[in-house]
Amino acid sequence: MPEGHSVHRIANQFEQSFVGHRAAVSSPQGRFAAGAERLDGATMVTAKAVGKQMFLEFDNGLWLHVHLGLYGAWDFAGEIATGHSMAESRRRRAATRKSENAPENAPDDDGEHSMASIGAPRTSRVRMAEQEKAEDDIESFPPEPVGQVRVRLLTDTAVGDLRGPTKCEVLDAAGVDMAIAKLGPDPLVDSPKKGADRFVSVAGKKRTPIGLLLMDQSVVSGIGNIYRAELLFRARLDPHTPGNQVPEEVLRALYKDWTKLLKSGVELGQMMTMDGLTKAQHAKALRSRADRHWVYHREGLPCRVCGTNIVMEMAAGRKLYWCPTDQT
Ligand SMILES: [Zn+2]
């Protein structure tokens with residue numbers, strides 16, 4: 001499932017390539033025909049992500065709310081953003097935020113891509129979901145919708161096709177407020193202090209294990225399976241510790257670390273969760289997923305710190321990886 005950084009990058013794509021443009025909205029597959037009709041012909045004015053959910057505002061007062069879920073994906077084509085220009089867009093929006101890492105060009109061995117090597121404007125094509133993949137350029141614009149496209153947003157210069165979402169609905173402003181109110185803080189939406197306070201006040205009261213709380217989108221937004229395991233290891237925290245037994249300063253540090261990882265993920269388009277790497281190690285980690293995580297997907301392999309075999313267990317229905325020596 002796409003984690004928060006992917007959804008923020010998709011919102012950035014909309015902000016850069018669609019906002020300010022009038023959109024022809026349709027449902028080639030038909031399942032969203034009524035919703036598409038309400039948005040058709042309106043101009044997109046805002047694109048925002050909160051955690052794993054995205055909200056696109058139109059100038060007729062309506063919003064498109066999308067949650068990709070496990071299988072959802074956006075296919076973009078036309079004059080769309082590349083990795084570098086997306087990073088620039090983000091920098092413009094948050095001029096005070098410092099860019100920690102320069103995007104690299106090459107896709108890695110799993111095809112996870114920083115979008116930096118996408119072709120010339122007008123004919124580019126990219127799929128954005130859990131991973132990003134540049135695809136063959138289109139021959140003419142707009143390309144025909146292929147397969148089960150729930151909604152197509154078509155402007156004079158760009159097209160976005162959504163397939164397989166868990167949620168795709170039209171909301172008014174009050175509905176958007178209600179949807180966002182159900183979500184925990186997102187470090188790229190809430191101010192650092194307010195976000196941390198909200199996280200600590202909720203997580204610090206619960207008896208639920210911290211390994212489950214981090215995945216609970218009402219407690220904190222955007223963390224998925226990979227970031228969960230990596231955040232817990234980076235904090236050397238036992239995933240089974242009840243939230244109300246995690247010291248407040250540790251909860252605050254967790255939220256701060258999530259902020260750091262999320263910003264890096266939006267910048268790189270990859271979940272780089274190790275630090276202290278040499279330049280060569282960093283470049284290698286960007287090429288190969290096996291080299292960029294402390295514990296994720298490393299069951300049975302020796303811990304990079306202590307050598308103990310990493311273990312895996314099911315938690316919140318997803319595989320949780322952790323080191324039984326370091327995280328006690
Ligand atoms: Zn260890």
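User: Which residues in α5 meet Glu248, Leu251, Arg252, Tyr255, Lys256 and Thr259 in α8?

Analyst: This is a predicted model, so the answer describes a computed arrangement. Helix α5 covers residues 192–203, and helix α8 covers residues 248–268. By class, the contact of α5 with α8 has seven nonpolar, two polar and three charged residues. On the α5 side, the residues that meet those of α8 are Pro192, Gly195, Ala196, Phe199, Val200 and Ala203.

User: Are α5 and α8 oblique or parallel to each other?

Analyst: The axes of these two helices come within 9 Å and cross at roughly 130°, and α5 passes α8 in a right-handed crossing. Angles over 145 degrees would count as roughly antiparallel and those from 65 to 115 as roughly perpendicular, with the rest, apart from those under 35, taken as oblique. The orientation of α5 and α8 to each other is therefore oblique.

User: Which residues in α7 meet Leu254, Asp257, Trp258 and Leu261 in α8?

Analyst: Helix α7, residues 225–234, packs with α8 at an angle of about 125°, and their axes are 10 Å apart. The two are therefore oblique to each other, and α7 passes α8 in a right-handed crossing. The residues of this contact divide into five nonpolar, no polar and two charged. Those contributed by α7 are Tyr227, Leu231 and Arg234.

User: Which are the edge strands of the open sheet formed by six strands?

Analyst: The strands of this sheet follow the order β1-β8-β9-β5-β6-β7, with antiparallel pairing. Neighbouring strands in the sheet are turned by 15° against each other on average, direction ignored. An edge strand here pairs on one side only, and the two that do so are β1 (24–26) and β7 (132–134).

User: Which residue in β9 does Arg152 stand opposite?

Analyst: Strand β8, residues 151–154, pairs with strand β9, residues 158–163, in the antiparallel sense over four bridges. Opposite Arg152 in this arrangement stands Asp161.

User: Which helix lies across β5, β6 and β9?

Analyst: The strands in question belong to the open sheet of six strands, with β5 at 73–78 and β6 at 124–128. The helix lying across them covers residues 4–17 and runs at about 150° to β6, and its name is α1.

User: What percentage of the residues of the chain count as buried?

Analyst: The chain has nine helices and 12 strands, and residues 24 or more positions apart account for 64% of its contacts with a separation of 6 or more. A residue is buried if 20 or more other C-beta atoms lie within 10 Å of its own. Of the 328 residues of the chain, the share that counts as buried is 45%.

Methods:
Residues are numbered from 1 along each chain as its sequence is written. This is a predicted model: local features need pLDDT of at least 70, side-chain atom pairs count only at pLDDT 80 or more; totals for chains, interfaces and linings use all residues. Axes are lines fitted to C-alpha atoms, for helices over the stretch in contact, and angles run from 0 to 180 degrees between N-to-C directions. A crossing is left-handed if the near helix is turned anticlockwise from the far one by less than a right angle, and right-handed if clockwise. Two residues are in contact if their C-beta atoms, placed from the backbone, lie within 7 Å. Ala, Val, Leu, Ile, Met, Phe, Trp, Tyr, Cys and Pro count as nonpolar, Asp, Glu, Lys and Arg as charged, and the others, Gly among them, as polar. A residue is buried if 20 or more other C-beta atoms lie within 10 Å of its own, exposed if 12 or fewer, and partly exposed in between; C-beta atoms are placed from the backbone. Two strands pair if DSSP finds at least two bridges between them.
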